[in-house]
Amino acid sequence: MTASPERVVPPGRTVSPRVVSLVPGGTEILFALGAGATVVGVSHECDHPPAAANLPSVTTTSLSAGSTPAEIDQAVRQAVATTTPLATLDEGLLRRLRPEVIVTQDLCPVCAVDESQLAGLAACPTVVSLAGGTLEGVFRDIQRTAEALGRPDAATELIANLRRRLRNVSQTIAHRRRPRLVAVALEWLDPLFLGGHWVPEMFAWAGAEDALVEAGEPSRRTDWKELAAADPDALVIMPCGFDEVSARRQMTALIGLSEWRALRAVRQGRVYPVDANGLFSRPGPRLVDGVEHLARLLHGPPA
């Protein structure tokens with residue numbers, strides 16, 4: 001199979017290709033572009049918007065339902081060590097769906113199907129491989145996806161709206177003249193992981209400074225010593241792949257730890273579990289929803 005990152009559409013031509021999305025962020029981009037009707041298959045994790053959950057799933061996961069964070073971390077480490085993806089592709093179903101465009105990712109080699117797993121397919125659809133590790137990278141992915149679908153104007157409009165919303169958040173916070181907060185995002189709690197990629201940028205737009213990770217850097221493991229040294233004003237709990245209820249549930253395991261209680265953010269009640277799945281983990285349009293949510297958490301509702 002010959003994979004191409006994008007397809008050139010002749011000027012003035014409108015196409016409605018059959019599309020399969022193998023990653024939740026890609027599915028959300030497609031629907032935000034108004035191309036939901038063209039999507040004929042998704043991954044097992046694609047649950048937004050609700051219409052996506054009713055489409056055929058062309059992937060499965062080797063993770064057991066109800067696995068603990070430590071068990072999931074061990075499975076991911078094993079997958080990395082053996083270069084065995086956690087997501088399995090149903091190639092037979094994919095062929096039957098006859099996609100002309102496949103949206104996948106090149107950001108995480110084990111958590112979702114990437115472009116290399118499509119090499120065995122006999123058909124030759126256009127492949128858009130999402131790799132945006134920053135907000136600007138996500139915007140470029142939106143543009144490339146739209147161009148592959150013959151909808152460049154839809155991307156221009158969507159990206160302009162997302163940028164406008166980011167500016168509105170920044171301006172609202174600036175008018176309050178409140179000091180910037182030093183914050184830390186915990187992307188995983190057992191073991192401790194710091195949120196990376198676009199998360200530090202989200203903090204910046206929401207009026208906070210990431211204490212430990214620079215924009216564009218990958219998520220990485222940390223420990224209590226590094227966290228205590230940073231002693232941030234606020235902690236945002238965003239375990240990857242979990243919603244706010246699950247984040248709160250996981251956070252209760254930390255309450256009895258002396259290291260946790262010693263943190264200034266904990267003592268002052270500035271710890272915020274959030275919906276990572278919906279607002280932070282998936283590189284797509286809802287990251288801007290996450291910035292707006294962060295601003296409300298850290299600075300209160302708009303005046």
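Trainee: Where does histidine 197 lie?

Mentor: Histidine 197 is in the loop between S8 and helix H6 (199-205). Helices (H or I, at least four residues) and strands (E, at least two) are DSSP runs numbered from the N terminus. Before we go on: this is a predicted model, where local features need pLDDT of at least 70 and side-chain atom pairs count only at pLDDT 80 or more, while totals for chains, interfaces and linings use all residues. Residues are numbered from 1 along each chain as its sequence is written, and side-chain values use heavy atoms, with hydrogens and water left out.

Trainee: Got it. Is histidine 197 buried or exposed?

Mentor: Histidine 197 counts as buried, because its relative accessibility is 18%. Buried is under 20% relative accessible area, exposed is over 50%, and partly exposed is in between (1.4 Å probe, protein chains only). Histidine 197 also has a positive phi of about 55°, although it is not a glycine.

Trainee: What about arginine 98, buried or exposed?

Mentor: Arginine 98 is exposed, at 54% relative accessible area. You'll find arginine 98 in the loop between helix H3 (91-97) and S5. Its phi is positive too, about 50°, and it is not a glycine.

Trainee: Let's zoom out. How many helices and strands are there in the protein?

Mentor: There are 12 helices and 12 strands. The protein has 303 residues, and 50% of them count as buried.

Trainee: Take strand S6. Why is S6 largely enclosed?

Mentor: Strand S6 covers residues 126-130, and five of the five are buried, so the rest of the structure largely encloses it. Thr126, Val128 and Leu130 point one way from S6, while Val127 and Ser129 point the other way.

Trainee: Which strand does S6 pair with?

Mentor: S6 pairs with strand S5 (residues 101-105), in the parallel sense, over five bridges. Pairing here needs at least two DSSP bridges between the strands. Valine 103 stands opposite valine 128 in S6.

Trainee: And S11, which way do its side chains point?

Mentor: In strand S11 (residues 234-237), Ala234 and Val236 point one way and Leu235 and Ile237 the other, and all are buried. In a regular strand, side chains alternate between the two faces of the sheet. S11 is joined to S7 by four bridges, and the two run parallel. Isoleucine 237 in S11 is the bridge partner of leucine 186. S11 also pairs with strand S12 (residues 271-273), again parallel, over three bridges. There, valine 236 has tyrosine 272 as its bridge partner.

Trainee: New topic: which residues have the most contacts inside the largest nonpolar core?

Mentor: Those are Ile142, Met202, Phe203 and Met238, in a core of 50 residues. Apart from that core lies another, of 16 residues, among them Leu186, Val213, Leu235 and Ile237. A nonpolar core is a set of buried Ala, Val, Leu, Ile, Met, Phe, Trp, Tyr and Cys residues joined through side-chain atoms within 4.5 Å.

Trainee: What does methionine 202 touch?

Mentor: Not counting residues up to four places away in sequence, methionine 202 touches Leu135, Leu279, Phe280, Leu287, Gly290, Val291 and Leu294. A contact is heavy atoms within 4.5 Å.

Trainee: How about arginine 282, where does it lie?

Mentor: Arginine 282 is in the loop between helix H11 (276-279) and H12. It is buried, with a relative accessible area of 9%. Leaving out residues up to four places away in sequence, its contacts include Glu28, Glu45, Asp47, His48 and Trp198.

Trainee: You mentioned His48. What is the peptide bond from histidine 48 to proline 49?

Mentor: That bond is cis, with omega near -10°. Proline 49 sits in the loop between strand S2 (39-41) and strand S3 (59-61). The bond from aspartate 190 to proline 191 is cis as well, with omega near 0°. Proline 191 is in the loop between strand S7 (181-189) and strand S8 (192-194).
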